[in-house]
Amino acid sequence: MNIIFLGPPGAGKGTHAQRLMQELSIPQISTGEILRAAIREGTPTGLKAKACIEKGELVPDAVVIDIVKERLQQADCANGYILDGFPRTVAQAEALGTFAKIDAVVNFILSDDAIIRRLSGRRVCPKCGNTTHISALNGSTVCPVCGEELVQRKDDLPETVENRLKVYAEQTAPLISYYQARGLVRDIVCDGHIVDENHALVRQSLGLED
Ligand code: AP5
């Protein structure tokens, strides 16, 4: 199954894509993660993306379209994939339609308050990439998976989150009606804070058994 996870920053797209990837044995393709890796490695793509990401702006369409087009040609995508954070503009969706056939778009719905709570408490591991929330850490500051000191993403600072929400509303939310018109959208309301419960909603929306 070729799936798009669509939703505002902090909706849980990455969290649920990580789980579903293991359950279905298909890759998670997160353009955010690919771009952050390019920044860490100092590649030309990373240099182009850095300023945009740190301001909460989108990286230019042409850059991300090329990344995804190339990634979908790899062998591990042959049996399906989860696109996490792509497309994010109508131009990206139109480009995607020329090289991929999408089966379902899971639309994550939650309030701005819940988003701000999640992003202000999100911590990531710079070593193994694990994402967690301070509410699950019981005061610890190290990664529960590998023991490395956790960090906060620069784009999770309050002023950047505000801009990311604005950019989502203006440039990405129009994709909901774009894919509704194609009969692909499965809405899930995921304001709750219990990850297992939200994950059950994701699975149900895709017709997967519990
Ligand atoms: P990207 O990394 O894609 O960021 P995003 O879409 O803003 O999404 P996030 O990673 O912030 O959140 P998420 O929905 O994955 O939530 P998470 O699972 O971590 O993109 C970053 C930047 O890259 C963009 O701003 C842009 O500049 C650029 N970019 C990327 N793709 C692009 C594109 N296609 N075009 C142009 N530019 C692009 O969960 C959040 C937190 O909530 C975690 O701490 C989690 O533990 C916690 N949590 C608490 N309770 C729950 C629960 N019940 N369910 C899920 N999570 C929960």
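Two strands pair if DSSP finds at least two bridges between them. Helices (H or I, at least four residues) and strands (E, at least two) are DSSP runs, numbered from the N terminus.

## Basis of the model

This is a predicted model, in which local features need pLDDT of at least 70, side-chain atom pairs count only at pLDDT 80 or more, and totals for chains, interfaces and linings use all residues. Residues are numbered from 1 along each chain as its sequence is written, and side-chain values use heavy atoms, with hydrogens and water left out.

## The sheet

The model contains an open sheet of 5 strands in the order β2-β3-β1-β4-β7, with parallel pairing. Its edge strands, β2 (28–30) and β7 (185–189), each pair on one side only. From one strand to the next, the twist averages 20° (axes are lines fitted to C-alpha atoms, for helices over the stretch in contact, and angles run from 0 to 180 degrees between N-to-C directions).

Strand β1 is joined in parallel to β3 (residues 81–84) over 4 bridges, with Ile-4 opposite Leu-83. Another 4 bridges link β1 to β4, also in parallel, and here Leu-6 stands opposite Asn-107 of β4. Asn-107 also stands opposite Asp-187 in β7. The parallel pairing of β4 (residues 104–109) with β7 runs over 5 bridges.

## Strand β1 and Asn-2

In β1, 5 of 5 residues are buried (under 20% relative accessible area; exposed is over 50%, partly exposed in between, with a 1.4 Å probe and protein chains only). Asn-2, Ile-4 and Leu-6 point one way from the strand, while Ile-3 and Phe-5 point the other way.

Asn-2 lies in β1 (residues 2–6) and has a relative accessible area of 15%, so Asn-2 counts as buried. A polar atom of the Asn-2 side chain is 2.8 Å from the backbone oxygen of Lys-101. This is a polar contact (a pair of N or O atoms within 3.5 Å; within protein, one must be able to donate a hydrogen and the other to accept it, and residues adjacent in sequence count only if both atoms are side-chain atoms). Apart from neighbours within four places in sequence, Asn-2 is in contact (heavy atoms within 4.5 Å) with Gly-80, Tyr-81, Lys-101, Ile-102, Asp-103 and Ala-104.

## Helix α6

Ala-114, Ile-115, Arg-118, Leu-119 and Gly-121 are buried in helix α6 (residues 112–121). An α-helix has 3.6 residues a turn, so residues three or four places apart point the same way. The cover over the buried residues of α6 includes β5 (122–124), β6 (131–133), α7 (158–172) and α9 (195–205).

## The ligand shell

Of the 36 residues around the ligand (a heavy atom within 4 Å), Thr-15, Glu-57, Arg-88, Arg-122 and Arg-164 come nearest. At least two shell residues come from each of α1 (13–24), α2 (31–41), α6, β6 and α9.

An N or O atom in the Arg-164 side chain is 2.6 Å from a ligand oxygen. A backbone N or O atom of Thr-132 lies 3.0 Å from an oxygen atom of the ligand, and a polar side-chain atom of His-16 lies 3.4 Å from a ligand nitrogen. The protein covers 95% of the 1000 Å² of accessible area that the ligand has on its own (Shrake-Rupley method, 1.4 Å probe; for residues, only the protein chains shown count as cover).

## Cys-143

Cys-143 sits in the loop between β6 and α7 and is buried, with a relative accessible area of 3%. Cys-125 is 18 residues from Cys-143 in sequence and 6.0 Å away in space, C-alpha to C-alpha. Leaving aside neighbours within four places in sequence, the contacts of Cys-143 are Cys-125, Cys-128, Asn-130, Glu-148 and Leu-150.
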